[in-house]
Amino acid sequence: MMRKSEFLDTILKENPKYDTELIGRAYDTAEEMHRGQLRKSGEEYIIHPLAVAVILAELGMDEETITAGLLHDVVEDTQYTMEELTAEFGDEIALLVDGVTKLGALKFESKEARQAENLRKMFLAMSKDIRVIIIKLADRLHNLRTINYMTHDKIVEKCQETLDIYAPLAARLGIYTMKMELEDIALKFLHPEAYYDLVEKISERKEAREEAIQRVIGEIKNSLDEICIHYNIYGRSKHFYSIWKKMTYQHKNIDEIFDLIAVRIIVDTVRDCYAVLGLVHTMWTPIPGRFKDYIAMPKPNMYQSLHTTVIGDSGRPFEIQIRTQEMHEIAEYGIAAHWKYKEGISHEDEEVKLSWLRQALEWQKDVDDPKEFMESLKMDLFSNQVFVFTPQGDVVELPAGATPLDFAFKIHSDVGCKCVGAKVNGKMVTIDHELENGDIVEIVTSQNSPGPSVDWLKIAKSSSARNKIRQWLKRENKGDAVDKGKDLFSQYLRKKGYDVKKLLVNSYIARVVKEMNFKDAGDLFTQLSYGGNIQTKVANLLQSYEDAKHVQAEEKNKTLMDDLNEIHEKTQKRAEHRKEVDKETGVMVEGATNLLITLAHCCSPVPGDDIVGYITKGKGITVHRRDCDNLKSMSEEDRQRLIDVAWDPEMIGKSHGVKICLVAKEQKGILSSISKICDDMDVRIEGLNAKTGRDDAYIIDLQLGLSGVGQVEKLCRSFKNIPGVMEAYRGKE
């Protein structure tokens, strides 16, 4: 544990102007209240708030924030009250501590409900003072640095929550130093094999990369010196999580990641930024589509820089980033840079740069369901963004996958409610058209528009748009009418003696909607809410469907019995020529003999697989794997033909043929790697066929002789680790 003098010396190195009297009193209070408490590691608990305060000092936060960091757990974990804290340290620090404090004393129905309410509370506190979330991020960062002392389940839960909530929040605030460390630690514990494999691969190439980057830096320096621009230049490495994410989602190996290492050039002015960009493009050939101007169009978190990827002399691409010193400070520290370099954030800056938070607070008030709240939170705050333009050239930020409806409601509620269509880049599109970066969007409205329908809730991707649609439906009583219609109609059916659950199934409702020419199910229930003859007509239709279903079921049962009798007759005749037919497949049917049994070609079951039999008319019993796709899509009537079957114990462990498919990019040595893996696992290659697929990939079909079904999964995992192999899965015969 750091003594008080050592702690104060540490933070004074970051800012000699800190009020050590205030921070010193907070140290004394935290040390006294946490005395005797231990962390999971067995260390004194005070180590944690001290570490949080140091992280905040390193970010350059003010003394009030550091004081709140020292005290952030005293109200939650000790007998110290919020009233005592307010009296001793004032309202401002009390607000910060209260914003970070969890809702520990309240009872919740589920984990999701607790998490949602804690986040609501934090957002509300953030709206009053953004320093709340910066303290929370520092708290989470130190907890992750020491997370190895927690149970495995707790580690997984906290790391996943970090990737879902806290790292994206750090990105939204532009605090990339914190974001990158949070993501890398979470990756290390959630995917340890991938993490350490990545560390090893990057270390192997480190010397060659550094040599190449120093050569590039030397060339740029020579050119910049000639045009007399003041600059700083250095190389920077991409963090592990970012590399892993690209490799995973883009199916790339590490050699295909362009910006593994980048050159960063820091200059004095915006004019110099563009001058350096032009110089770089005369030295190397830029890759089309890889240039991004975040100076002209900053990210929502205030990030500004020029990014370009060029082809080096060796033929390998590399990235160059160009920015001013002020842009660099914002890029590293985000909103915290206002305290580190500008002595706080002005009210005007806060309003502009935290508009996303204002929007979140607007819609979150009306969302009661915890799951819906969390999904909306991830979509609106943490999803990728698209930037589109109004016809006047104004930039509008929307979540990825947004439609013209989202754009319309972002402009104004009235525009959204009167929307009847849209033009994107001058061409008419439907309102569910997915918008892309750079699109110019124009909304077509009409005074005669009927307004939003329930279907619009499925089309809109942003929570703010969906919230406005719900408000309109509620105001027009259409949303209430749907619920009212469902309730009234259910009551009507019960009075008539109908089985409500059987009649109100989706397939029946869809048939009623189509037969009676309703727009959708919502329209149907809205009409039903008015009662009258329509209820009788719909109920009669539903009952007719149910009656028809019973008749069909009886006919199918009769057919099933006929099929079984036919199978027995045919297999009895075959038994005269071949006894114990099931020995050919190794499958047994309990309580039955002399049945014709075949293995399904769609899923190719092998001894050891979990299997089930299907009575096939005229073909006996066909054996499928229980996870066969054909069984998953089977109707309830067809499921009546399924029967229990089992493998002959003597067959399990014997060699049998299995097909495995690989999807790969052309890579030297793939076949030899496949052969080596098979040799190591004592698997016989009985056949191999390769053919060209889509996107320059090709498909390798392997016919292998295995001795156990457990080998299939192990083989697929091993094949996926071969450079160039993107997929490996069990194929159909």
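Modeller: L671 is found in helix α32, which covers residues 670–680. The model is a predicted one. With a relative accessible area of 51%, L671 is exposed, because the cut-off for exposed is over 50%. L671 forms a nonpolar patch on the surface together with I685 and L688. The accessible area of L671, I685 and L688 together is about 260 Å².

Y698 is a residue of strand β20, residues 697–706. Its relative accessibility is 21%, so Y698 counts as partly exposed; buried would require a value under 20%. Y698 and K665 are 33 residues apart along the chain, and their C-alpha atoms are separated by 6.4 Å.

Helix α21, residues 404–411, is largely enclosed by the rest of the structure, because six of its eight residues are buried. Those buried residues are P404, L405, D406, F407, A408 and F409.

The last item is a pair of helices. Helix α10 runs over residues 152–172 and helix α11 over residues 176–190. The two pack with their axes 9 Å apart, at an angle of about 160°. Angles over 145 degrees count as roughly antiparallel, and α10 and α11 are therefore roughly antiparallel to each other. The crossing in which α10 passes α11 is left-handed.

Conventions
Residues numbered from 1 in each chain as written. Predicted model: local features only at pLDDT ≥ 70, side-chain atom pairs only at ≥ 80, totals over all residues. Heavy atoms only, no water. Patch = residues over 30% accessible without salt bridge, like charges linked within 9 Å, V, L, I, M, F, W, Y side chains within 5 Å. Areas by Shrake-Rupley, 256 points an atom, 1.4 Å probe, with all protein chains shown as cover. Salt bridge = Lys/Arg side-chain N within 4 Å of Asp/Glu carboxyl O. Helix = DSSP H or I, 4+ residues; strand = E, 2+ residues; numbered from the N terminus. Buried < 20%, exposed > 50% of the residue type's maximum accessible area, 1.4 Å probe, protein only. Axes fitted to C-alpha atoms, helices over the stretch in contact; angles between N-to-C directions. Parallel < 35°, antiparallel > 145°, perpendicular 65-115°, else oblique. Left-handed = near helix turned anticlockwise from the far one by under 90°.
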